[in-house]
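Me: Hi! Could you walk me through this one, helix packing to begin with?

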Amino acid sequence: MTAAQLTLVQIDNYGPWTVTPEPRREMDLQTLQSRLFADMAQYIGNRGGYVFFTRFDNMVAVTNGLDRRDHELLQESVGNRFPVTVSLGVGVDGVPIDALETATERVQAAGSAQSSDRSEALAGEFRDPEGADDGDVHIAHFDVNDATGKYTDRLNEFDSFINIEHGYASLMKYMREEHGALSFFVGGDNVIAVCPDLTYDEYMGAIDHVADDVDVQLKVGVGSGESPHEAGYAAKHALEDCRYEGTLVEFA
Ligand SMILES: Nc1nc2c(ncn2[C@@H]2O[C@H](COP(=O)(O)OP(=O)(O)OP(=O)(O)O)[C@@H](O)[C@H]2O)c(=O)[nH]1
């Protein structure tokens, strides 16, 4: 049985903190948020996981391979080095959105995002690597065809950004609604999705939908592995196969 372990990372009581005792300089907040994300990426990435910045005050991580102790240490390390703390909720399911839903409910049950009573909550179940749910996690790496030729070398950065964001918005919604998959923009023209076990036709369906919906042409490499890193790395190789073969969907 394949299962993704999803962790919701939520900064504790961040809204009030950003305006106490008065509104803080925006670029200081941006610096804090991007440094916190960078540290998450390093900590979780070094253990084979993936993390996505989503809204920065909330981040979503794929943490297959990280146990409760790893999560506790992450909280301790953030609390020691940043002026904010983080709460973590963890859920496990073959359908990523269901794992995230469970993870989220656990954080919400510990208190509001804007409650000074909630600090460093850690709630959840962890995948048992020896147990029945020790299957692979599936990662799909989507990329816009010839983004450089169509956008980057022709349009100003803002109009390029609008085109890429349209493709992202259309894809993320389709993958979430049709398959319970979670797709995240990761920079450039790239979107990484954590997915259930999907077929070639289902990936082709997503690509066709985005092309029809917003006229953005995608291709995708799909990988599976014990850890998000292994799955995602295989997906990158599959994407290279798309480039080499001129195809739109390749499995590693
Ligand atoms: N996060 C991330 N960004 C990447 C990756 N590969 C490329 N990019 C970004 O995507 C941008 C466009 O690169 P490509 O996708 O290779 O270029 P392209 O013009 O779309 O060409 P083709 O994909 O070959 O059609 C680069 O400037 C990078 O910002 C990757 O593996 N991860």
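Predicted model: local features only at pLDDT ≥ 70, side-chain atom pairs only at ≥ 80, totals over all residues.

Me: How do the axes of helix α2 and helix α3 come together, and at roughly what angle do they cross?

Reply: Residues are numbered from 1 along each chain as its sequence is written, and side-chain values use heavy atoms, with hydrogens and water left out. The axes of α2 (residues 26-46) and α3 (residues 68-81) come within 11 Å and cross at roughly 150°. Axes here are lines fitted to C-alpha atoms, for helices over the stretch in contact, with angles from 0 to 180 degrees between N-to-C directions. Helices are DSSP runs (H or I, at least four residues), as are strands (E, at least two), numbered from the N terminus.

Me: What does that make α2 relative to α3?

Reply: Roughly antiparallel, a label for angles over 145 degrees, while under 35 is roughly parallel, 65 to 115 roughly perpendicular and the rest oblique.

Me: Which residues make the contact?

Reply: From α2 they are Leu36, Asp39, Met40, Tyr43 and Ile44, and from α3 Asp70, Leu73, Leu74, Val78 and Arg81, with contact meaning heavy atoms within 4.5 Å.

Me: And α6 with α7, at what angle do those axes cross?

Reply: Roughly 140°, and the axes of α6 (residues 157-179) and α7 (residues 200-214) come within 9 Å. That makes α6 oblique to α7. Among the contact residues are His166, Tyr174 and His179 of α6, along with Tyr203, His209 and Val214 of α7.

Me: Switching to the ligand: which residues come nearest?

Reply: Asp143, Asp146, Thr148, Lys236 and Arg243, out of 14 residues around the ligand, where a residue is near if one of its heavy atoms lies within 4 Å.

Me: What does the side chain of Asp143 do there?

Reply: One of its N or O atoms is 2.6 Å from an oxygen atom of the ligand. A polar side-chain atom of Lys219 lies 2.9 Å from a ligand oxygen, and a polar backbone atom of Val144 is 3.0 Å from an oxygen atom of the ligand.

Me: Backbone check now. Which peptide bond is cis?

Reply: The one from Thr20 to Pro21, with omega near 0°. Pro21 sits in the loop between α1 (14-18) and α2.

Me: Is phi of Thr54 positive or negative?

Reply: Positive, near 35°, in a residue other than glycine. Thr54 is in the loop between β2 (50-52) and β3 (58-62). Most residues other than glycine have a negative phi, and most peptide bonds are trans.

Note on methods
Polar contact = N/O pair within 3.5 Å; in protein donor to acceptor, adjacent residues only side chain to side chain.
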